[in-house]
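Here is a report on how two chains meet. Look at the structure first, then read on.

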Amino acid sequence: MELYQSLVAVEPATLIVTICNLFLQMYIVKKFFLSKVLAILDKRREETDQEIVQAKNAKAEAMAIKATYEENMKQAKAQANEILTHAQKTATARSEEIIGQAQAQAAQLKEKASAEIAQEKKKALNEAKDEISGIAVAIAEKVVERQLNEADQEKLVSQFIENLGGAL
Amino acid sequence: MEISINGARILAVFENVPLLGTVRLTQTVAMSWFVMIIISALCIWLGSNLKVTGISRKQAVAEMAVTSLVKFVHNNMGTGFDHYIPLVGTIFITSVISNTISVMGFWSPTADLMTELGWALVVFVLITYHKIKAAGFGAYLKGFLDPLFVLAPINVMAECFTPISMACRHFGNILSGTVISALIYGALTTATHALLGALGSSLVAALIVSAAGVVLAVVMKKKGKTVFFILGIILALLGVFALLHNAGGFLGEIPFLAIGIPAVTGAYFDWFGGCIQAFIFCTLTTLFIKQAAGD
């Protein structure tokens with residue numbers, strides 16, 4: 001025959017067993033399920049946090065590098081400008097100097113040439129003087145056919161050249 | 001027909017156990033062990049092979065369960081009571097599994113008041129512990145004299161009724177499901193016997209009904225009228241069942257009408273009611289402990 005409890009029965013043994021079961025079950029749930037899953041969740045969160053921190057660090061680093069690069073670029077540009085300006089200035093100065101030198105040289109050359117011309121002219125004049133005097137003497141000799149003394153000769157020639165000079 | 005609604009079946013009786021006297025090993029105890037085995041197996045299965053990345057579907061479910069449990073406790077108690085997460089989770093899963101194994105025809109451990117009372121007593125101890133911890137032992141005792149010392153008995157009763165009401169709320173809901181299921185089953189069995197008995201009392205009538213049903217089903221199938229086709233099949237089956245019933249013996253005892261319909265009420269009382277009661281019990285557990293600990 002099957003025995004049944006009444007619908008609502010107070011049974012201390014069942015009560016105690018239930019409470020013991022609850023604690024045992026709680027231990028099993030905690031040890032084999034909750035702790036393990038929570039550990040995994042924590043680990044994942046840690047790893048994610050770590051990755052975020054790493055990403056932030058990498059970003060900061062990249063920003064620093066970028067800033068340095070930009071600074072360098074700026075400096076390089078400034079330097080290039082400076083070099084360019086300097087070069088332009090140098091070039092202008094140099095060209096002016098060269099032009100000045102050329103002009104000075106040209107003036108010098110011109111002066112020299114003028115001096116040479118003047119000298120040549122003088123030299124030619126003297127030569128012509130000598131030659132003409134020679135010719136005049138020869139002509140006079142032939143004309144006079146006589147030998148003049150030195151003093152007369154000189155006087156005569158000078159007189160001739162003076163007349164010639166007035167004609168020239 | 002007689003319907004009897006009983007408590008747990010007594011499997012064994014041990015006389016003269018020290019301290020306890022007569023101990024009756026009931027279905028409740030046996031089934032609670034069965035439930036424990038199910039939950040433990042589930043826990044070990046879900047808790048194995050956990051990985052940080054590239055998780056399996058099983059692990060996703062496990063993580064979701066743990067996350068929602070933690071969220072539930074945090075929502076109700078704040079973040080200072082994380083050590084009660086295992087207790088709340090254990091009560092919840094035990095309650096849900098206990099309530100729903102009745103779907104498979106097993107005895108629910110929660111259909112015995114002692115199960116819920118055991119849980120509620122544990123909760124009661126925690127509530128009292130937190131009250132004493134928050135206010136001090138003297139202030140706790142003094143609290144019973146508020147607002148007038150004559151009200152002390154009522155205050156003590158109110159304190160004791162916390163676990164009793166918790167236990168009875170859960171138990172009552174499960175019990176009502178059991179009672180209503182039994183009543184419906186009994187009613188349907190009686191109806192089956194009445195209907196088939198009347199129809200089957202005359203062999204000719206049963207044959208005519210089943211023949212008419214078959215003809216109706218065949219004709220309506222050809223015409224494509226589903227409702228009448230189903231009606232025809234039901235009529236045919238009714239005739240056949242009436243014949244079987246009339247034939248007597250084992251086949252005559254099968255309550256044919258009770259097939260299918262109790263599943264609908266079972267869906268409500270076992271699944272919906274079972275889960276809701278587990279949820280309510282856990283909510284009350286967390287709220288009472290939180291309340292006792294003060295804000």
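The report below covers confidence, the interface, the strands and the helix packing.

## Model and confidence

This is a predicted model. The predictor gives the complex an ipTM of 0.79 and a pTM of 0.70. Chain A has a mean pLDDT of 88, and 95% of its residues reach 70 or more. For chain B the average pLDDT is 85, with 94% of the residues scoring at least 70.

Helix 1 of chain A has the highest mean pLDDT among the elements of that chain, at 92. The lowest, 76, belongs to helix 2 (residues 150-167) of chain A.

## The side of chain B that touches chain A

The contact between the chains involves 40 residues of chain B and 34 residues of chain A. Several elements of chain B supply at least two residues each to this side. They are strand 1 (9-17), strand 2 (21-26), helix 1 (27-46), helix 2, helix 3 (85-100) and helix 4 (113-135) of chain B. Helix 1 of chain B gives the most, with nine residues.

## Strands across and within the chains

Strand 1 (residues 3-4) of chain A pairs with strand 1 of chain B. The two run antiparallel and are joined by two bridges. A:L3 has B:I10 as its bridge partner. A:Y4 stands opposite B:R9.

Strand 1 of chain B also pairs inside its own chain. Five bridges join it to strand 2 of chain B, again in an antiparallel arrangement.

Is strand 1 of chain B buried or in the open? Of its nine residues, the number buried is zero, so the strand lies largely in the open.

## Helix 1 of chain A against helix 2 of chain B

Helix 1 (residues 12-144) of chain A packs on helix 2 (residues 57-77) of chain B at an angle of about 95°. The axes are 10 Å apart. That angle makes the two helices roughly perpendicular.

Which residues meet here? From helix 1 of chain A come A:L34, A:V37, A:L38 and A:L41. From helix 2 of chain B come B:A62, B:E63 and B:V66. The contact divides into six nonpolar residues, no polar and one charged.

## Helix 1 of chain A against helix 3 of chain B

Helix 1 of chain A also packs against helix 3 of chain B. Here the angle is about 110°, and the axes are 9 Å apart. This pair, too, is roughly perpendicular.

On the chain A side, the residues are A:L22, A:Q25, A:M26, A:V29, A:K30 and A:L34. They meet B:I85, B:P86, B:L87, B:G89, B:T90 and B:T94 in helix 3 of chain B. The residues of this contact divide into seven nonpolar, four polar and one charged. A:L34 is listed in the contact with helix 2 of chain B and in the contact with helix 3 of chain B.

Technical notes
Residues are numbered from 1 along each chain as its sequence is written. Chains are lettered from A and ligands numbered from 1 in the order in which they are written. This is a predicted model: local features need pLDDT of at least 70, side-chain atom pairs count only at pLDDT 80 or more; totals for chains, interfaces and linings use all residues. Axes are lines fitted to C-alpha atoms, for helices over the stretch in contact, and angles run from 0 to 180 degrees between N-to-C directions. Helices (H or I, at least four residues) and strands (E, at least two) are DSSP runs, numbered from the N terminus. Angles under 35 degrees count as roughly parallel, over 145 as roughly antiparallel, 65 to 115 as roughly perpendicular and the rest as oblique. Two residues are in contact if their C-beta atoms, placed from the backbone, lie within 7 Å. Ala, Val, Leu, Ile, Met, Phe, Trp, Tyr, Cys and Pro count as nonpolar, Asp, Glu, Lys and Arg as charged, and the others, Gly among them, as polar. Two strands pair if DSSP finds at least two bridges between them. pLDDT is the predictor's confidence in each residue, from 0 to 100. A residue is buried if 20 or more other C-beta atoms lie within 10 Å of its own, exposed if 12 or fewer, and partly exposed in between; C-beta atoms are placed from the backbone.
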